[in-house]
Amino acid sequence: MDLDVFVTAHRAEWDRLDHLLRRGRHLTGAEADELVALYQRTATHLSLIQSSAPEPALTARLTQLVARARAVVTGTRRSSWKDAADFFTAGFPAAVYRSRHWWIPTAVLSTLLAAVIGWWIGTHPEVQSAIGAPEELRRLTRPGGEYETYYSSHPAASFAAQVWTNNAQAAAMCLTLGAFLCLPVIWILFLNMLNLGVGIGLMSSAGRLDVFLGLVLPHGLLELTAVFVAAGTGLRLGWTVIDPGPQTRRTALARQGRAALGMAIGLAFVLFVSGLIEGFVTPSGLPTWARIAIGIVAEVAFLAYVYILGGRAARAGDMGDVEEPDRSAELPTAA
């Protein structure tokens, strides 16, 4: 595309749109219709320039012009409680459901990795000695040791808040750092599975694996699922950098990034629930079977939420993205 010819052909339309926007509310009916038509044409011009002959100054001017026109045409929409309800009953579960082909394999492979690490440590005394001195390991694994007292070392409320904050930060890092070709997400996952595997290995070598699982499973089922969802979404975001599909890389990343931001908000609430379980249920005096049952109920409830509400919303076309009027005007650039 010859950019100079294109600008010469359409400059008058852009100037006219700018003039109408400056008029504000003092437009006749015919001028309002003209503004809408010019807005649509200018949005198309912007997409063509971005895909064929990007020029920073011209792109910036048209982007600003289209944004101003869209604000006038669509009006300013305020968020409401209905938006929050729609997000939690459709947008968030739909986004989790749509990304299931990423986070389910992530969960399976990560769990297998933790199990292999645990088996390796538990069956190789030389690996255990590399982790710590015998006295240090006994202090960790003995009855009433650090693995058991960890969950009751602080008041339940403050401990739950601390756990929630740490887990929410880890999930947010997975969601945001995935754009760096997936590598930070893989590293964060590895560290989490290594920590879990070490606990499995050391406690199994001490003959107390049942105690360890009784402490981890009540909150760990939901907590790890949230981490796996975040990691899978981060990996999907990173893969978008490599293969954006039929859209431009910028458009595809913007779409996945908006969905990831929504996922961060939704997962913060999921991790809040797991934090409450970890702070109040895990260290409680309930029988082990009762604590694990609570964890299983929370996990099943979340999966039902995703597959029932999320599946229904996804089949209805919900992408977990913002509403279409709030998105940038874009055109696909490839078939």
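Which residues form a nonpolar patch on the surface?

1. **Surface patch.** The structure under review is a predicted model. In it, a nonpolar patch on the surface is formed by Ile104, Val108, Leu109, Leu112 and Tyr307. Together these residues have about 460 Å² of accessible area. Helix H5 supplies the largest share of the patch, namely four residues. Leucine 112 is located in helix H5, which spans residues 100–122.

2. **Annotated regions.** According to the unreviewed UniProt entry, the annotation "transmembrane region" covers residues 102–121, 170–191, 211–238, 259–277 and 289–309. Two of these spans may be set against the model. Residues 211–238 are 100% helix and 0% strand, and the C-alpha atoms at the ends of this span are 38 Å apart. Residues 289–309 are likewise 100% helix and 0% strand, with end C-alpha atoms 29 Å apart.

3. **Largest nonpolar core.** The largest nonpolar core contains 53 residues. Those with the most contacts inside this core are Phe92, Val96, Phe212, Met263, Leu267 and Phe302. The elements that contribute two or more residues are helices H4 (81–98), H5 (100–122), H9 (156–177), H10 (183–205), H11 (209–242), H12 (249–281) and H13 (288–315). Helix H11 gives the most to this core, with 11 residues.

4. **Surroundings of phenylalanine 92.** With residues up to four places away in sequence set aside, phenylalanine 92 touches Phe87, Gly262, Met263, Gly266, Leu267, Val270, Phe302 and Tyr305. Among these partners, Met263, Leu267 and Phe302 are also listed with the residues that have the most contacts inside the largest core.

5. **Second core and threonine 42.** A second, separate core has 18 residues, including Leu20, Tyr39, Leu65 and Val66. Threonine 42 is in contact with two of these, Leu65 and Val66, and also touches Trp14, Leu17 and Leu62, residues up to four places away in sequence being left out. Threonine 42 lies in helix H2. Its relative accessibility is 1%, so threonine 42 counts as buried. Threonine 42 and methionine 173 are 131 residues apart along the chain, and their C-alpha atoms are separated by 37 Å.

6. Is cysteine 174 buried or exposed? Cysteine 174, in helix H9, counts as buried because its relative accessibility is 1%, under the 20% limit for that class. Its contacts, apart from neighbours within four places in sequence, are Val185, Ile188, Ala230, Ala231 and Gly234.

7. How many salt bridges does a search of the whole structure find? The search finds nine. In one of them, the side chains of arginine 16 and glutamate 34 meet at 3.0 Å, N to O. This pair links distant parts of the chain, with arginine 16 in helix H1 (residues 3–23) and glutamate 34 in helix H2 (residues 29–52), 18 residues apart. Arginine 16 is partly exposed, with a relative accessible area of 29%, and glutamate 34 is partly exposed at 28%.

8. **Arginine 23 and glutamate 31.** A salt bridge also joins arginine 23 and glutamate 31, whose closest N and O atoms are 3.1 Å apart. Glutamate 31 counts as buried because its relative accessibility is 14%, whereas arginine 23 is partly exposed, with a relative accessible area of 27%. In general terms, side chains of opposite charge can pair when their charged atoms come close.

9. Arginine 138 and glutamate 135 form a salt bridge between their side chains, at 2.8 Å from N to O. Both residues lie in helix H7 (residues 134–141), three residues apart, which is about one turn of the helix. Arginine 138 counts as partly exposed at 46% relative accessibility, and glutamate 135 counts as partly exposed at 45%. Elsewhere, a network of salt bridges links Asp18, Arg22 and Arg68.

Notes: Residues numbered from 1 in each chain as written. Predicted model: local features only at pLDDT ≥ 70, side-chain atom pairs only at ≥ 80, totals over all residues. Heavy atoms only, no water. Core = buried A, V, L, I, M, F, W, Y, C linked by side-chain atoms within 4.5 Å. Buried < 20%, exposed > 50% of the residue type's maximum accessible area, 1.4 Å probe, protein only. Contact = heavy atoms within 4.5 Å. UniProt positions renumbered as here; feature names shortened; annotations may be inferred. Patch = residues over 30% accessible without salt bridge, like charges linked within 9 Å, V, L, I, M, F, W, Y side chains within 5 Å. Areas by Shrake-Rupley, 256 points an atom, 1.4 Å probe, with all protein chains shown as cover. Salt bridge = Lys/Arg side-chain N within 4 Å of Asp/Glu carboxyl O.
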